[in-house]
Amino acid sequence: MEALRAKGQQVHVAAPDLPPLAPIRRDLEARGIQVHDIPLRRTGTNPLADLRLVLELARLMRQIRPQRVLAYTVKPVVYGTLAAWMMRVPQRFALITGLGYAFQGGGERGLLRALVQSLYRLALRCANKTFFQNPDDEELFRRQGLLPPGCPSCVINGSGVDLAAYARAPLPAGARFLLVARLLGDKGVREYVEAARRIRARHPQAVFGLVGWIDENPDAIDAQELEAWVKEGVIVFHGRLADVRPVIADSNVYVLPSYREGTPRTVLEAMAMGRAVITTDAPGCRETVIEADNGFLVPVKSVDALEAAMQRFIDAPALIARMGLRSRTLAEEKYDVMKVNAVMLDEMGL
């Protein structure tokens, strides 16, 4: 948004839960960005509520008359792109930041997946260009026909990271691991806790931090399970944090055992602050780690492999500083938000 403002563009933001006194709204408005609160429920499946959202977005676009619309995350991509097409916005862009709950797992998610895929297929026909945060998602959308053959697409390096805001921080002593995520099964939170439990049985001085909070997603960790982990002492739970930099600075290895991502922002933030990374060999995650260079890749859902990767840092602590330095270098080379913004602006004709 700031990059768009710097190009002389007038920027409007439409998002839910932004009442007049909300801190983030006041921050955006102080930067010269015009903010609009919209009736969007991220996980709801009520068709009447979604119709109301489309109509509200269409009304807003008729009022603003934008030249370009950029929509990201599932519902804004689907309903925002459709509304922009209805209102004849000249340039319509979609950003796929990850596939989310509906695309992972089986069973009861099958019907939801079919619905979401149908909506994507409809909406992306109305997009002038679609951005992806990893090549696996782009290939999947092409293979399944969710992206029309004539629609251009572009892979970018995630959302990028502000290298000045997330500066390198000194490494604390000892084995100090950290996971920052919404508390969902698909984020690998249970695998992280079980690996921590095994490591602490041998190395009780090892610290395993967890940042996040209970989510309304159907795959969320419940409060009783979280409370049991805290009571057991297997993790140090920090709750939800507005600023994760202090806890990253207090760790020396960042862990994200996610089943799939767009490009995980928390990993980029940890890399920028000079932290070694353990993550999964999964779409979106694998792009952030060069094996045995700035961290280790482990198979999805493998507690054994996750435990073994953690143990390597305990057995050879010199790896922490060496790999952390490489993480910072990779963040500078590949994930600098200025470079990511430059690619997006160029692809959007700005």
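Predicted model: local features only at pLDDT ≥ 70, side-chain atom pairs only at ≥ 80, totals over all residues.
**Entry 1: helix H10**

I began with helix H10, residues 265–272. Is this helix mostly covered or mostly open? I found it mostly covered, with seven of its eight residues buried. I wrote down the buried ones: Thr-266, Val-267, Leu-268, Glu-269, Ala-270, Met-271 and Ala-272.

Next I asked which elements the buried residues of H10 pack against. Two helices came up: H9 (245–249) and H12 (318–334). Three strands came up as well: E7 (176–180), E10 (253–256) and E11 (276–280).

Then I looked past the end of the helix. Gly-274 follows H10, and its phi is positive, near 85°.

I turned to charged pairs. Side chains of opposite charge can pair when their charged atoms come close. How many salt bridges does the structure hold? I noted 23.

I picked one of them. The side chains of Asp-50 and Lys-75 meet in a salt bridge, at 3.1 Å from N to O. Asp-50 sits in helix H3 (residues 47–64), and Lys-75 sits in helix H4 (residues 74–86). The two are 25 residues apart, and the pair links distant parts of the chain. I also checked whether they are covered: Asp-50 is buried, and Lys-75 is buried too.

**Entry 2: Arg-198 and its partners**

I moved on to Arg-198. It forms a salt bridge with Asp-304, and the closest N and O atoms are 2.6 Å apart. Why does this pair tie together separate parts of the sequence? Arg-198 lies in helix H7 (residues 189–202) and Asp-304 in helix H11 (residues 303–315), so the joined parts are 106 residues apart in sequence.

I compared how open the two ends are. Arg-198 is partly exposed, because its relative accessible area is 27%, between the cut-offs of 20% and 50%. Asp-304 has a relative accessible area of 51%, so I logged it as exposed.

Arg-198 also forms a salt bridge with Glu-307, with the closest N and O atoms 3.1 Å apart. Glu-307 lies in helix H11 and Arg-198 in helix H7, so this pair ties together parts that are 109 residues apart in sequence. Is Glu-307 buried or exposed? Its relative accessible area is 13%, so I put it down as buried.

Last, I followed the shared partners. Which residues do these salt bridges join into one network? My list reads Glu-194, Arg-197, Arg-198, Arg-202, Glu-232, Asp-304 and Glu-307.

Methods. Residues numbered from 1 in each chain as written. Heavy atoms only, no water. Buried < 20%, exposed > 50% of the residue type's maximum accessible area, 1.4 Å probe, protein only. Helix = DSSP H or I, 4+ residues; strand = E, 2+ residues; numbered from the N terminus. Contact = heavy atoms within 4.5 Å. Salt bridge = Lys/Arg side-chain N within 4 Å of Asp/Glu carboxyl O.
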